[in-house]
Amino acid sequence: MQTIAILNQKGGVGKTTLTINLAYSLQQDGHKVLIVDSDPQGSTRDWNDETDGAIVPVIGLDRASLATDIKAVTIGYDFILIDGAPRLSKHMAAAIKCSDIILIPVKPSSFDVWASDDLIDMVRQRQEFDSNLKAYIVVSQAINNTKLIGEVIEVFKGDKEQLPVLKTKIMNRTAYPFSASEGKTVFHTKDKKAQQEINNLKQELLTHAN
Ligand SMILES: Nc1ncnc2c1ncn2[C@@H]1O[C@H](COP(=O)(O)OP(=O)(O)O)[C@@H](O)[C@H]1O
Ligand SMILES: [Mg+2]
């Protein structure tokens, strides 16, 4: 079993969007997948309600006891995806604690890069005594501006205290909000590019995970 937490204390960066699409992509490969909604706002649970739970099972664990509670419900699953909450909170620390892989979506803007600093520090501290914990930055909601994306990658690269940036970037595409509003994923739309980038992201993560 692999637990992947999608975290960033900033709201609106694409945590929920990545969680549901990545979860569905993994499930399509025949894996048993469970989404844990750790955000008290419950966006993933709202998404799940739209289809009466027909896409990927979702449970809500939005307290600091997450790290303990999760053990009771995740037996038998291949992948657990934790959709993170905004703000640096006790349950973000709990999510870090029970994860094998942490994925940090960051929008290509300086504000978003700076805002992820505290989380990155927290992750790096955890990595100091848990060398198996993997953590990556993923560029999210990128517009077709390679210069801007390149600058963001440079910021992360230039500092040894930072985390590796995944090659796959998630672009800004209408298929993401459109499909989510119906409780679906980009795999339920005709947008092949969106599907491809989610599959690429999955492959990159799985390569690193082994
Ligand atoms: N790659 C994307 N392209 C276009 N819109 C996106 C993309 N990712 C997320 N969004 C939209 O941005 C908003 C915030 O995304 P969301 O996944 O809810 O972020 P978070 O969970 O980090 O708060 C939502 O309206 C979502 O539909
Ligand atoms: Mg969210």
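**Close-up views of a predicted model**

**View 1. Thr17 and its neighbours at ligand 1.** In this predicted model, an oxygen atom of ligand 1 has a polar side-chain atom of Thr17 at a distance of 2.6 Å. Thr17 belongs to a set of 14 residues around the ligand, of which Gly12, Lys15, Thr17, Met171 and Arg173 come nearest.

**View 2. The packing of helices H4 and H6.** Helix H4 spans residues 90-97 and helix H6 spans residues 117-129; their axes are 11 Å apart and form an angle of about 40°. The two helices are therefore oblique to each other, and their crossing is right-handed. On the side of H4, the contact is made by Met92, Ala93, Ile96 and Lys97, while H6 contributes Leu119, Met122, Val123 and Arg126. Six of these contact residues are nonpolar and two are charged, with no polar residue among them.

**View 3. The surroundings of Gln127.** Gln127 is located in helix H6. A polar atom of the Gln127 side chain lies 2.9 Å from the backbone oxygen of Leu133. When residues up to four places away in sequence are not counted, Gln127 touches Leu133, Lys134, Ala135 and Leu163.

Key. Residues numbered from 1 in each chain as written. Chains lettered and ligands numbered in written order. Predicted model: local features only at pLDDT ≥ 70, side-chain atom pairs only at ≥ 80, totals over all residues. Heavy atoms only, no water. Axes fitted to C-alpha atoms, helices over the stretch in contact; angles between N-to-C directions. Helix = DSSP H or I, 4+ residues; strand = E, 2+ residues; numbered from the N terminus. Parallel < 35°, antiparallel > 145°, perpendicular 65-115°, else oblique. Left-handed = near helix turned anticlockwise from the far one by under 90°. Contact = heavy atoms within 4.5 Å. Nonpolar A, V, L, I, M, F, W, Y, C, P; charged D, E, K, R; others polar. Near = heavy atom within 4 Å. Polar contact = N/O pair within 3.5 Å; in protein donor to acceptor, adjacent residues only side chain to side chain.
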